[in-house]
Amino acid sequence: MIGFAVLGLLVIVGLYFLVLYNGLVTKKLRVDEAWSQIDVQLKRRADLIPNLVEIIKGYAKHEKEVFENVTKARASLMGAVSKDEKSEANNQLVGALKSLFAVAEAYPQLQASQNFKDLQQELSDTEDKVAYSRQFYNNVVMEFNTGLKVFPNVMFAPMLGFKDVE
């Protein structure tokens, strides 16, 4: 009789670890997928920038430094590997784009260009998607990290190789 009780307890503990592990793996995959969505939107925005720069160059030929800064920031983003590098490169690119749009505002004929308006709208839509992707990422990271911190997971998750995600 005691053997069945011990066997039953081992089955329950085994099921707990199975459910814990599978749940954390699922949450970790959601975190990775959420990050990849941010990455996709950042690349999409970076792909729009050369077209935008070319259109503005046609109107503002003497703003060479602004164009170089945008190009360097874009290259940094495209070459970034880690999340921290991508975040830093993205911040640089946002600053460079602000300068680029400030230059564009000084040229009314550029503001009237349909190509410029279309690219500006597409870039704005991409910014919205980046913001949504970041929000989704933050939510799934919070969900994952909470799953690691609740009792009794907090005792066993590190043994299964799971760590907090920033």
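Q: What is the accessible surface of the chain, and what percentage belongs to carbon and sulfur atoms?

A: In this predicted model, the accessible surface of the chain comes to about 10300 Å². Carbon and sulfur atoms account for 60% of that surface.

Q: How many of the residues of the chain, in percent, count as buried?

A: Burial is judged by relative accessible area, with under 20% as the limit. Of the 166 residues, 33% count as buried.

Q: Which secondary structure does the chain have?

A: The chain has six helices and zero strands, and its pattern along the sequence is α-α-α-α-α-α. The radius of gyration of the chain is 24 Å, well over the 15 Å that the globule rule gives for 166 residues, so the chain is more spread out than a compact globule. Along the principal axes, the C-alpha trace spans about 90 × 25 × 20 Å.

Q: How is the reach of helix 1 to be read against the expected value?

A: One compares the span from the first C-alpha to the last with the span expected at 1.5 Å a residue. Helix 1, residues 2-59, has 58 residues and reaches 86 Å, close to the expected 86 Å.

Q: Where in helix 1 does a kink lie?

A: A kink is read from the angle between axes fitted to the residues on either side. Here a kink of about 25° lies at isoleucine 49, shortly before proline 50.

Q: Which residues have the most contacts inside the largest nonpolar core?

A: In soluble globular proteins, nonpolar side chains tend to be buried together. The largest nonpolar core of this model has 42 residues, and those with the most contacts inside it are Leu52, Ile56, Leu97, Leu100, Phe116 and Tyr137. Two or more residues of this core come from each of helix 1, helix 2 (64-79), helix 3 (83-105) and helix 5 (114-149). Helix 1 gives the most, with 14 residues.

Q: Which residues does phenylalanine 116 touch, not counting those up to four places away in sequence?

A: Phenylalanine 116 touches Leu52, Ile55, Ile56, Phe101, Ala104, Leu110 and Gln111.

Q: Is glutamine 41 buried or exposed?

A: Glutamine 41 lies in helix 1. Its relative accessibility is 11%, so glutamine 41 counts as buried. Leaving aside neighbours within four places in sequence, glutamine 41 is in contact with Thr126, Lys129, Val130 and Ser133.

Q: What percentage of the contacts between residues at least 6 apart in sequence join residues at least 24 apart?

A: Among those contacts in the chain, 74% join residues at least 24 apart.

Terms used:
Residues are numbered from 1 along each chain as its sequence is written. This is a predicted model: local features need pLDDT of at least 70, side-chain atom pairs count only at pLDDT 80 or more; totals for chains, interfaces and linings use all residues. Side-chain values use heavy atoms; hydrogens and water are left out. Helices (H or I, at least four residues) and strands (E, at least two) are DSSP runs, numbered from the N terminus. The expected span of a helix is 1.5 Å times one less than its number of residues. The bend at a residue is the angle between axes fitted to the seven residues ending there and the seven starting there. A nonpolar core is a set of buried Ala, Val, Leu, Ile, Met, Phe, Trp, Tyr and Cys residues joined through side-chain atoms within 4.5 Å. Buried means under 20% relative accessible area, exposed over 50%, partly exposed in between (1.4 Å probe, protein chains only). Contact means heavy atoms within 4.5 Å. The radius of gyration is taken over C-alpha atoms; the globule rule is 2.2 Å times the number of residues to the power 0.38. Accessible areas come from the Shrake-Rupley method with a 1.4 Å probe; for residues, only the protein chains shown count as cover.
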